[in-house]
Amino acid sequence: MTQSFLEHVNVTVADADHSAALLANLFDWHIRWSGPARDGGYTVHVGTADQYLAVYQPREGQSQDFPKGVPLNHLAVVVEDLDAVEAKVVTQGLTPFNHGDYEPGRRFYFFDNNGIEFEVVSYS
């Protein structure tokens, strides 16, 4: 069985290009992707081939607060068996939401008891 691992963390920053360049320099990472993001913002994905940090920059004049949570937007974890993990989430009294089945994988989200949002994704 494949071990679960952390895929990415999404954080809000004032200048996504500057933050990504700094991270790439400090950690020998590379820019994986950059482009438009939710609510007119801009995001840069910086990291390795397997894991990355998504740095989100709100549009000019928009609050630095990501609509879902402050300061953490969400944590994504890749798993082999999405349905089994979702059953465990439900067993813990938590509520899965925002299910998606689109390339490159299936996913759902849930909030833990601290209000931290998790994305659980499977590519199999």
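Tutor: Let us begin with the aromatic rings: Phe97, Tyr109 and Phe111 form one aromatic cluster. The model is predicted, so local features need pLDDT of at least 70 and side-chain atom pairs count only at pLDDT 80 or more, whereas totals for chains, interfaces and linings use all residues. Residues are numbered from 1 along each chain as its sequence is written, and side-chain values use heavy atoms, with hydrogens and water left out.

Student: How many aromatic pairs does the structure hold, and what makes two rings a pair?

Tutor: The structure holds five aromatic pairs. Rings of Phe, Tyr and Trp (its six-membered ring) pair if their centres lie within 6.5 Å; planes under 30 degrees apart count as stacked, over 60 as edge-to-face and the rest as tilted. The ring centres of Phe27 and Trp29 are 5.1 Å apart and the planes stand at 40°, so this pair is tilted.

Student: Why is Phe27 called partly exposed?

Tutor: Buried means under 20% relative accessible area, exposed over 50%, and partly exposed in between (1.4 Å probe, protein chains only). Phe27 has 47% relative accessibility and therefore counts as partly exposed. Trp29, with a relative accessible area of 28%, is partly exposed as well.

Student: What makes strand β7 largely enclosed by the rest of the structure?

Tutor: Five of the seven residues of strand β7 (residues 105-111) are buried, so the strand is largely enclosed. Strands (E, at least two residues) and helices (H or I, at least four) are DSSP runs, numbered from the N terminus.

Student: Why is the contact between Arg106 and Asp83 called a salt bridge?

Tutor: A salt bridge is a side-chain nitrogen of Lys or Arg within 4 Å of a carboxyl oxygen of Asp or Glu. For Arg106 and Asp83 the N to O distance is 2.8 Å, so the pair qualifies. Arg106 lies in strand β7 and Asp83 in helix α2 (residues 82-91), so the pair ties together parts that are 23 residues apart in sequence. Arg106 is partly exposed at 30% relative accessibility, and Asp83 is partly exposed at 46%.

Student: How many salt bridges does this rule give, and which residue forms one with Glu119?

Tutor: The count comes to three salt bridges. Arg107 forms one with Glu119, with the closest N and O atoms 2.5 Å apart. This pair links distant parts of the chain, Arg107 in strand β7 and Glu119 in strand β8, 12 residues apart. Arg107 counts as buried at 8% relative accessibility, and Glu119 counts as buried at 3%. Asp39 and Arg38 also meet in a salt bridge, at 3.3 Å from N to O. Here Asp39 is partly exposed at 38%, and Arg38 is partly exposed at 35%.

Student: What makes β2 and β6 edge strands?

Tutor: The open sheet of eight strands has the order β2-β3-β4-β1-β5-β8-β7-β6, with mixed pairing. Strands β2 and β6 each have a single partner strand, so one side of each is left without a neighbour in the sheet. Within the sheet, six bridges join strand β3 (residues 42-47) to strand β4 (residues 52-57), which run antiparallel; Thr43 has Tyr56 in β4 as its bridge partner.

Student: Where is confidence lowest and where is it highest?

Tutor: pLDDT is the predictor's confidence in each residue, from 0 to 100. The chain averages a pLDDT of 88, and 90% of the residues score at least 70. Confidence is lowest in strand β5 (residues 72-78), at a mean of 82, and highest in strand β2 (residues 30-36), at 97.

Conventions:
Pairing = 2+ DSSP bridges.
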